[in-house]
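Thanks for coming. I will go through one structure today, chain by chain, and then turn to the place where the chains touch.

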Amino acid sequence: MISIKNISKWYGSFQVLTDCSTEVKKGEVVVVCGPSGSGKSTIIKCVNALEPFQKGEITVDGISVGDPKTDLPKLRSRIGMVFQNFELFPHLSVTENLTLAQIKVLGRTPEAARDKALKLLDRVGLMAHKDKFPGQLSGGQQQRVAIARALSIDPIAMLFDEPTSALDPEMINEVLDVMVQLAQEGMTMMVVTHEMGFAKRVAHRVIFMDAGKIIEDCTKDDFFGTQRSERAQLFLSKILHH
Amino acid sequence: MNYNWEWSIYLAAEPGGTGIYIKYLVIGLGWTLATALAAWVIALAIGSVVGTLRTTPHKWVVRLGNAYVEIFRNVPLIVQMFLWFFVVPELLPKALGDWVKQMAPPWGSYLPAVMCLGLYTSVRIAEQVKSGIGSLSRGQGMAGTALGLTLGQNYRFVLLPQAFRIVLPPLTSEFMNVIKNSSVALTIGLLELTGRARAMQEFSFKVFEAFAAATVIYLLTNLVVVYGMRALEKKVRVPGLISASPTAGGH
């Protein structure tokens with residue numbers, strides 16, 4: 001579904017990604033972790049071309065992301081993305097946040113878009129807030145709306161960029177619950193997160209990155225078992241024992 | 001101060017034969033508003049477009065926008081007024097230039113004044129629109145892009161509705177500025193409010209009364225603008241949104 005081949009990326013002369021390759025199959029949940037500045041958010045943003053890359057190739061469902069002839073808006077409209085800071089549109093109501101792309105990008109009728117939006121809000125448990133504005137919701141609620149918004153375009157895969165990092169601790173679980181449910185339904189997911197509990201529960205594979213390189217790319221059991229690099233062990237010991 | 005105010009001067013006939021002085025001044029207010037409003041429409045249209053273009057990822061478009069802004073921002077208003085009145089008609093194709101120069105008063109002054117004020121104000125609006133868009137978090141644009149919105153749709157539905165709400169207060173000041181700046185048009189012969197106050201002073205030698213009236217009329221006009229814009233701000237206010245900060249409601 002998502003294939004990343006030998007990606008390298010530079011900001012000026014600074015190399016942020018070095019020769020990264022991996023693959024996410026249909027229905028697979030892949031967790032990407034690593035210390036800050038390791039390039040994990042950057043690589044996930046390369047997948048839907050929010051960040052350009054200079055070398056290598058990424059294909060999503062067989063379509064090349066780096067090809068200048070690719071219709072990027074169309075490609076992006078098939079991938080859902082959830083951001084660290086939610087990035088709901090503050091001037092639109094919750095329902096309007098969920099209908100905007102359906103109407104303007106997918107060309108659905110306002111009625112059909114609204115039906116879909118309400119179904120998704122019901123699913124993330126926020127039906128009661130459908131007419132509120134994002135600024136009137138808690139962080140956890142906003143992130144659940146953001147997940148619903150990403151789902152509103154019926155994506156073939158979902159990208160999560162540290163979805164719980166900006167949340168107060170008591171709100172993390174309500175967001176993770178929605179993500180776990182999504183994973184169990186068979187959604188293809190690429191998740192940048194430090195939530196190792198989430199990785200243990202639903203991930204098929206774990207990718208560990210450091211300094212712009214993929215250090216480990218293995219099954220969940222291997223990652224949390226013994227066969228891992230010193231660097232990954234050190235990282236895990238730091239985030240698991242506090 | 002030892003001055004004998006003569007308030008009844010407003011009711012005296014002005015020598016031009018159009019009626020009493022107060023009517024003469026109110027007609028001046030009419031020209032002030034006609035100039036300012038037309039210039040405001042031009043300024044808002046061009047300023048919004050130029051300000052928006054200067055935030056796009058296209059380098060050459062940004063450079064062109066910057067050049068436009070620097071040209072109109074760095075030359076004094078009164079110099080621009082003279083350029084539009086004396087120089088621009090000479091630069092136009094001959095037939096068009098002659099037509100402009102031969103326009104009956106007050107149109108021969110009105111048109112250059114509107115163009116001048118419109119473009120002069122447009123760069124100030126462009127600056128504000130640009131900084132309004134710039135004040136939004138980068139993630140807002142990314143979120144729109146990630147949903148599949150095109151660049152144009154992203155501006156239309158995500159960025160500009162937020163940016164304009166942010167710049168509404170400074171736009172109020174610009175609107176008042178355009179009304180006040182229209183007084184410079186008297187230098188190219190437009191008999192707007194200030195021009196008429198000056199004429200009244202020359203006809204009647206009542207300088208205090210003439211400019212007292214102009215002062216009060218400008219003040220009242222701008223108060224109307226202030227309250228109008230405040231009502232607009234209230235109307236477009238978004239519940240729960242106090243700033244452009246993305247996590248404002250989170251904690």
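Helices and strands here are DSSP runs, numbered from the N terminus: a helix is H or I over at least four residues, and a strand is E over at least two. On that basis chain A has 9 helices and 10 strands.

Some bookkeeping before I go on. This is a predicted model, with local features needing pLDDT of at least 70 and side-chain atom pairs counting only at pLDDT 80 or more, while totals for chains, interfaces and linings use all residues. Residues are numbered from 1 along each chain as its sequence is written, and chains are lettered from A, with ligands numbered from 1, in the order in which they are written.

Let me start with the overall dimensions of chain A. Its C-alpha atoms fill a box of roughly 50 × 45 × 30 Å along the principal axes. The radius of gyration is taken over C-alpha atoms, and the globule rule is 2.2 Å times the number of residues to the power 0.38. For 242 residues a compact globule would come out near 18 Å, and chain A has 18 Å, so the two agree.

Next, burial. A residue is buried if 20 or more other C-beta atoms lie within 10 Å of its own, exposed if 12 or fewer, and partly exposed in between, with the C-beta atoms placed from the backbone. By this count 49% of the 242 residues of chain A are buried.

For contacts, two residues qualify if their C-beta atoms, placed from the backbone, lie within 7 Å. In chain A, taking contacts between residues at least 6 apart in sequence, 63% join residues at least 24 apart.

Now some local detail in chain A.

A:Ala49 sits in the loop between H1 and strand S4 (55-60) of chain A. Is A:Ala49 buried or exposed? A:Ala49 is buried, with 20 other C-beta atoms within 10 Å.

A:Ala211 also belongs on the list: its phi is near 50 degrees, a positive value in a residue other than glycine. A:Ala211 lies in the loop between strand S9 (205-210) and strand S10 (213-219) of chain A. With 15 C-beta neighbours inside 10 Å, A:Ala211 counts as partly exposed.

On to chain B. The secondary structure there comes to 9 helices and 0 strands. The C-alpha trace of chain B spans about 70 × 50 × 30 Å along its principal axes. Of its 251 residues, 36% count as buried. Among contacts in chain B between residues at least 6 apart in sequence, 74% join residues at least 24 apart.

One backbone item in chain B: the peptide bond from B:Pro105 to B:Pro106 is cis, with omega near 5 degrees. B:Pro106 is placed in the loop between helix H4 (94-101) and helix H5 (107-134) of chain B.

Finally, the interface. Here 27 residues of chain B are in contact with 29 residues of chain A. On the chain B side, the elements that give two or more residues are helix H6 (138-146) and helix H7 (151-181). That side divides into 13 nonpolar, 13 polar and 1 charged. In this scheme Ala, Val, Leu, Ile, Met, Phe, Trp, Tyr, Cys and Pro are nonpolar, Asp, Glu, Lys and Arg are charged, and the others, Gly among them, are polar.
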